[in-house]
Amino acid sequence: MRPLVLFDGDCGFCKRWVERWRGDTQGRVRFVRASGWLRLLLGIPKSDMRRAMQLVEPSGRRSSGAEAVFRMLAWSPHLGTRFAARLGLLPGIKQGAGAVYSVIARNRRRASRLDTWLFSRVTEPASHRLVRWAFLRLLGGTFLIAFTSLGRQVLGLYGEKGIRPIREVADSERWAAQGKWRRPSVFWLDASDAALVRGCRVGQALSLALILDVAPALSAKALWALYLSYVSLGREFLSFQWDVLLLEMGAMGALTAPVGLRPGPGQRDVSALEVFLFRMLVFRLYFGSGVSKFHSGDRTWRELSACDVYFETAPLPTRGGWAAHQLPRRVRHAGTAGVLAVETAVPFLAFGPRRVRQVAFGAFAALQAAIVGTGNYGFFNFQSLALGLWLLDDAALRRVLPERLWRDAGPARRPSVLSTALSIVAAVPFLALGTTELLRRMGWWPRGPARVVEAVGWLEDRAHPLHSVNSYGLFAMMTVDRPEITVEGSDDGEHWVAYPFRYKVSAVDRPPRQVAPHQPRLDWQMWFAALGGPPSWFLALLERLLEGSPEVLGLFEANPFPDHPPRMVRAVLHDYRMTSREERQRTGAWWKRERRGLYVSPLTLTPLTTRTVGGPRLSWHV
């Protein structure tokens, strides 16, 4: 026998929720409109039926209101729903839920309007097979962008004649002594130029396989492992937050990927735990960025003046960034307040009802669109939008995706007990480390039993090399000025010629360029280098220019010394400021700059050196 639920068939609010519960319980509970004869047969007073829904269980036990809801949901086949139902029956929670139920029952019309706004009129159970379908294709697209972008630069950055040769790391006894498992990579086996290029091509092929539904589970796992191989040994040039975010998204995508991408009949459904993990990542990505701005103590965020300097000091600005810098000050301050609101308050909506999550998705999409228009952040915006899809459900995507993709989807196959157990085991590290990272970001960790802290520390140590649970916090501290490095070469020490970068701010009359989703990693690192003293990779760059490395020269827009390498190189530091509209119209310049001085004194290659930097052949020119 099945439990029996009697409800008011004239109440639109009641009918919508009954349809939702019908989907949750999947036929294990009968739902019947209350009628006089049935109510009399079951001995239910008319006043009780008018006040609340009634549940009659096979044992004969009768309950009403909130208690009836929880006891009814305990018959659901879903573990998560049953757990939540039993939680609702605990003392204190049950009484509180009963009070809320009574208020709703007395104000059904208002509750119905609120219900429609929060949950919409959709009554079918939330499913996420279409969401997974779209996410995995966009994940494959992100990997395709990442490997294509890296492939254009890999030899100049990591080749044997590159700035940071991976072979040096792979052949280094010091690095090997730290344990290869600390930096998992296929390039421990072969770090030749051919292997580096081949790896990018394999990454492109695997990305297309994921997009085109070729062994998606295997393709996603292989993509994650291959990109991890580059990040593990890539040092500065593969240390950006979107690189580790891609690895985290890739690891979670590999866990949830089905046998086939198209949401066809019999395909395994997405578990509630998997959906929660993705929404937790959305929360951590945005909330981590927001809370880091408050904890940094940076006055530009406290005074809402961050956008006064952001557009001018962004690593690779766009024409849109130049235009935004011209906006009135009050508009820029309002924009700063909007960013803080989206990154600190809106993330909590990720765990709200259906319509609330759609509002959160819209807010995040608007933020990413504003970032795309004013700065170049590689594939970060693309992957953030892809991740945000997990705030939606299949009912929302059916409105925008072609009908042929979901028309014949049919019922989903429930995960087996073994599959569920494996998903839970795989989810534990993500949940534990993700929660710990949030608590630490807010200053609430370590707390609790010493054994728990020790266990989490052990787990962090083992998981860190995989870069699959990370902390996020962009622009916690704003730079208020814009130093830029100009690299110059000379044959006589008197006449210096600049090496033109492809995308970095350089000539004052050159307009900012839109380059994303491609990420020019040397141009990006030049922005970081200008904020401090010369890093070791920058001195290695100068050495490669003195050698005339064609791979490194390929990272620049042109080679000012086509016949032979220069005899010496140096680096000059300038301060840049965006021009006003009036200055732009008058002079045609997008920037104005002022020389600050030498960043690196002239260097030359000599057989014998008195002071070596980055190698035995690089010396200061006196």
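This is a predicted model: local features need pLDDT of at least 70, side-chain atom pairs count only at pLDDT 80 or more; totals for chains, interfaces and linings use all residues.

Which residues in H8 meet which residues in H14?

**Entry 1**

I looked up the contact list. On the H8 side I found Arg132, Phe135, Leu136, Leu139, Thr142, Phe143 and Ala146. They meet Leu246, Met249, Gly250, Gly253 and Thr256 in H14. Sorted by class, this contact of H8 with H14 has 7 nonpolar, 4 polar and 1 charged residues.

Next I wanted the geometry. Two packed helices are described by the angle between their axes and the distance between the axes. H8 covers residues 129-151 and H14 covers residues 241-256. I got an angle of about 140° for the pair, with the axes 11 Å apart. Parallel, antiparallel, perpendicular or oblique? Angles over 145 degrees would count as roughly antiparallel, and H8 and H14 are therefore oblique to each other. I also checked the handedness: H8 passes H14 in a left-handed crossing.

I moved on to the second largest pocket, which has a volume of about 580 Å³. Its lining is made of 31 residues, and the closest to the pocket's centre are Cys307, Tyr310, Val339, Leu367 and Ile371. Which elements give two or more residues to this lining? I noted helix H15 (272-295), helix H17 (306-313), helix H19 (329-344) and helix H20 (354-374). By class, I wrote down 22 nonpolar, 6 polar and 3 charged residues for the lining of the second largest pocket.

**Entry 1: the cavities**

How many cavities of 30 Å³ or more turn up in a search of the whole structure? The search finds 4.

I took the largest cavity to start with, and about 90 Å³ of space lies in it. Among its lining residues are Leu316, Pro317, Tyr503, Lys504, Arg510 and Trp591. The class count for the lining of the largest cavity is 8 nonpolar, 1 polar and 3 charged residues.

Then I looked at the second largest cavity, with about 40 Å³ of space. Glu248, Met252, Leu277, Met280, Leu281, Arg284, Phe430, Leu431 and Gly434 line this one. H14, H15 and helix H23 (417-441) each give two or more residues to the lining of the second largest cavity. Which element gives the most? I found that H15 does, with 4 residues. I finished with the classes for the second largest cavity: its lining has 6 nonpolar, 1 polar and 2 charged residues.

Conventions
Residues are numbered from 1 along each chain as its sequence is written. Side-chain values use heavy atoms; hydrogens and water are left out. Axes are lines fitted to C-alpha atoms, for helices over the stretch in contact, and angles run from 0 to 180 degrees between N-to-C directions. Angles under 35 degrees count as roughly parallel, over 145 as roughly antiparallel, 65 to 115 as roughly perpendicular and the rest as oblique. A crossing is left-handed if the near helix is turned anticlockwise from the far one by less than a right angle, and right-handed if clockwise. Contact means heavy atoms within 4.5 Å. Ala, Val, Leu, Ile, Met, Phe, Trp, Tyr, Cys and Pro count as nonpolar, Asp, Glu, Lys and Arg as charged, and the others, Gly among them, as polar. On a 1 Å grid over the protein atoms alone, a cavity is a set of points where a 1.4 Å probe fits but cannot get out, and a pocket is an open set with protein on both sides within 12 Å along at least five of seven lines; lining residues have an atom within 4 Å of a point. Grid points are joined across faces, edges and corners, and a volume is the space filled by probe spheres set on the points.
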